[in-house]
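Me: Please go through this model with me, one question at a time, and give the cut-offs as you use them.

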Amino acid sequence: MVDVKKTTASVPEDPNALRWGFTPQSENWNGRFAMIGFLSAVALEVFSGQGILHFWGIL
């Protein structure tokens with residue numbers, strides 16, 4: 001077993017880095033922005049008593 005090479009664990013890329021394209025980092029940011037948008041919609045409805053479409057005057 002002299003020929004066995006030691007391998008080191010590869011260091012993963014920074015999951016918080018802002019990258020463009022179809023990468024795991026962009027999917028993380030997409031999920032974060034979706035959560036912010038959803039919570040904003042809920043907060044708007046709670047504080048105004050109207051849904052988003054009524055608040056903007058669409059309905």
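Reply: The secondary structure of the protein chain comes to two helices and zero strands. Helices (H or I, at least four residues) and strands (E, at least two) are DSSP runs, numbered from the N terminus. This is a predicted model, in which local features need pLDDT of at least 70, side-chain atom pairs count only at pLDDT 80 or more, and totals for chains, interfaces and linings use all residues. Residues are numbered from 1 along each chain as its sequence is written, and side-chain values use heavy atoms, with hydrogens and water left out.

Me: Is V46 buried or exposed?

Reply: V46 is found in helix α1, residues 24–48. Buried means under 20% relative accessible area, exposed over 50%, and partly exposed in between (1.4 Å probe, protein chains only). At a relative accessible area of 59%, V46 is exposed.

Me: What percentage of the 59 residues of the protein chain count as buried?

Reply: The accessible surface of the protein chain comes to about 5700 Å², by the Shrake-Rupley method with a 1.4 Å probe; for residues, only the protein chains shown count as cover. Carbon and sulfur atoms hold 67% of that surface. Of the 59 residues, the buried ones make up 7%.

Me: How far apart are the end C-alpha atoms of residues 33–56?

Reply: UniProt, in an unreviewed entry, places the feature "transmembrane region" at residues 33–56; such annotations may be inferred rather than shown by experiment, and positions are given in the numbering used here, with feature names shortened. Over residues 33–56 the chain is 83% helix and 0% strand. The end C-alpha atoms are apart by 21 Å.

Me: What is the angle between the planes of W29 and F33?

Reply: The structure holds one aromatic pair (ring centres of Phe, Tyr and Trp, its six-membered ring, within 6.5 Å; planes under 30 degrees apart are stacked, over 60 edge-to-face, the rest tilted). W29 and F33 form this tilted pair, 5.8 Å centre to centre. Because W29 and F33 are four residues apart in helix α1, about one helical turn separates them. The angle between the planes is 35°.
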